[in-house]
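Subject: Structure handover

Hello,

Please find the structure below, followed by notes on what was found in it.

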Amino acid sequence: MRAQFVLSEIGVGLRRNLTMTFAVIVSVALSLALFGGSLLMSDQVNTMKGYWYDKVNVSIFLCNKSDAESDPNCAKGAVTDDQKKQIKADLDKMDVVQKVTYESQDDAYKHYKEQFGDSPLASSLTPDQMQESYRIKLKDPEKYQVIATAFDGRDGVQSVQDQKGILDNLFGLLNGMNWAARAVMALMLVVALMLIVNTVRVSAFSRRRETGIMRLVGASGFYIQAPFIMEAAVAGLIGGTVACGFLVIARYFIIDHGLDLSHKLNLINFIGWDAVLTKLPLILATSLLMPALAAFFALRKYLKV
Amino acid sequence: MIRFDNVSKVYPKQTRPALRDVSLEVEKGEFVFLVGSSGSGKSTFLRLILREERCSHGQVHVLGKDLARLSNWKVPQMRRQLGTVFQDFRLLPNKTVAENVAFAQEVIGKSKGEIRKSVPQVLDLVGLGGKEERMPGELSGGEQQRVAIARAFVNRPKLLIADEPTGNLDPQTSVGIMKLLDRINRTGTTVVMATHDQNIVDQMRKRVIELEKGRLVRDQARGVYGYQH
């Protein structure tokens, strides 16, 4: 096959259908940008999960003297040494527990001072107003419920708190947004495919003279179809490149510059450039193959070979 | 070259067959007129040879191949050995005369060198030497048909199919086209031509095949158009 001939055919085809080609490029770009965005969002959520789940504990807060007066859970008085020993022994026996650390009232006071040292509240606080607690690291952060059922309501225990619960709300929200992005992406993808099929149909119709002659003089089916398929592939690839540009720009402006979230929200561990760059080949390959396949199937219907 | 054995063709959604039990043979190097009124099955006959359609019953052999058993992907190879000319010329209006002829070679992957050599040759043969760079719209009907014949013949087919090639031309121009087809026939190319042109058939005195309502009603060597029963 002579490449020059095919290339000139593609150029002619794309220009003849300029508005349709433009629509294909835009819809492919948008759907694939959303596709890449949703992939990156999943990555981001996973990165955050890994980072935060590593740090979260289940805490068993024990009753102190002031709780004994105010909190119904502590009606039986402040925690005793025997109760503490029993709790520790029970925790050590549990399979799901990876590590237990004990935080005394003095430790809690120290940590509180470190975090909120300058606030007026901190200066009026004394160590025996703080709570003793056991900080439990679980082998599987999902197994919080086992601890809660075992220790909630036990004498001397004020409450069992799972920090992960707070995070899960956040991750739930992020996941919800991610699914919404995927739904929009799927819709855009359908639009893109329909546009491609229609573009190929118009293209095949406007070139029916040429293809008719090609058939008669014995051009192979591949030779007749190739310009149409490559046309769709080229338009798709342009769209895919634009989508890649979107992602790179988005990573650059949202995380590093412009919005600069990496400095404003330094509690969050953001995905790196590697996460973005590894998505680009996938997006480019999709942008090339998906329109080519759509064109191929459209041609079976609209172009007799 | 062409052999029809008891060929019938029924189009889907139609009860009356377009061809009914047609058997005939065309030898290599023959010149055959295909006559009959509109709807008699001439076009179907030609479409079966080109394998644009497949027959419903019987067998069609072209160039020694049973077309029913020819797989789809081999059809282009078969068509490269056929040339086709139509009443409406079917030229590409945005390409020059030379480009139109070259197109038939480009799309089957002929090399540039080959195209540069054969296009002027075939344009000389059809009497259009010197008009290579003209656009089809600038040419007369007869000249346009010559371009179409050049395009059909440039790949040196063994068989030339012509579907009313003089249908849009005045009698004098038609005679010119017939002389050209005769010359092509003399190079050894088999020609099958469907026509309504009585004068031409009567003058040429070639084999005449007449179809009527899908049946073969006459097959006459050195025949005339209107056969008196």
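In these notes, buried means under 20% relative accessible area, exposed means over 50%, and partly exposed lies in between (1.4 Å probe, protein chains only). By that rule Asp21(B), at 48% relative accessibility, counts as partly exposed.

This is a predicted model, in which local features need pLDDT of at least 70, side-chain atom pairs count only at pLDDT 80 or more, and totals for chains, interfaces and linings use all residues. Residues are numbered from 1 along each chain as its sequence is written, chains are lettered from A and ligands numbered from 1 in the order in which they are written, and side-chain values use heavy atoms, with hydrogens and water left out.

Confidence
The scores are ipTM 0.87 and pTM 0.71. Chain B has a mean pLDDT (the predictor's confidence in each residue, from 0 to 100) of 93, and 99% of its residues reach 70 or more. Where pLDDT is low, the predicted coordinates should not be read in detail.

Helices (H or I, at least four residues) and strands (E, at least two) are DSSP runs, numbered from the N terminus. Axes are lines fitted to C-alpha atoms, for helices over the stretch in contact, and angles run from 0 to 180 degrees between N-to-C directions. Angles under 35 degrees count as roughly parallel, over 145 as roughly antiparallel, 65 to 115 as roughly perpendicular and the rest as oblique.

Helix α2 (residues 18-53) of chain A packs against helix α8 (residues 163-206) of chain A at about 160 degrees, with the axes 8 Å apart. α2(A) and α8(A) are therefore roughly antiparallel. The contact of α2(A) with α8(A) involves 26 nonpolar, eight polar and four charged residues; here Ala, Val, Leu, Ile, Met, Phe, Trp, Tyr, Cys and Pro count as nonpolar, Asp, Glu, Lys and Arg as charged, and the others, Gly among them, as polar.

α2(A) also packs with helix α10 (residues 221-256) of chain A, at an angle of about 40 degrees and with the axes 7 Å apart. That makes α2(A) oblique to α10(A).

Aromatic pairs
Rings of Phe, Tyr and Trp (its six-membered ring) pair if their centres lie within 6.5 Å; planes under 30 degrees apart count as stacked, over 60 as edge-to-face and the rest as tilted. Over all chains the count comes to five aromatic pairs. One of them is the tilted pair of Tyr102(A) and Tyr134(A), at 5.4 Å centre to centre with 55 degrees between the planes. Tyr102(A) sits in strand β2 (residues 97-103) of chain A and Tyr134(A) in strand β3 (residues 133-138) of chain A, 32 residues apart. Tyr102(A) is partly exposed at 37% relative accessibility, whereas Tyr134(A) is buried at 4%.

Backbone in chain B
Asp21(B), in strand β2 (residues 19-26) of chain B, has a positive phi of about 50 degrees although it is not a glycine. Arg156(B) also has a positive phi, near 50 degrees. Arg156(B) is in the loop between α5 (141-153) and β7 (159-163) of chain B and is partly exposed, with a relative accessible area of 47%.

Two separations
Gln144(B) lies in helix α5 of chain B and is buried, at 17% relative accessible area. Gln144(B) and Leu128(B) are 16 residues apart in sequence and 9.7 Å apart C-alpha to C-alpha. Ala298(A), in helix α12 (residues 273-302) of chain A, is buried at 4%.

Regards
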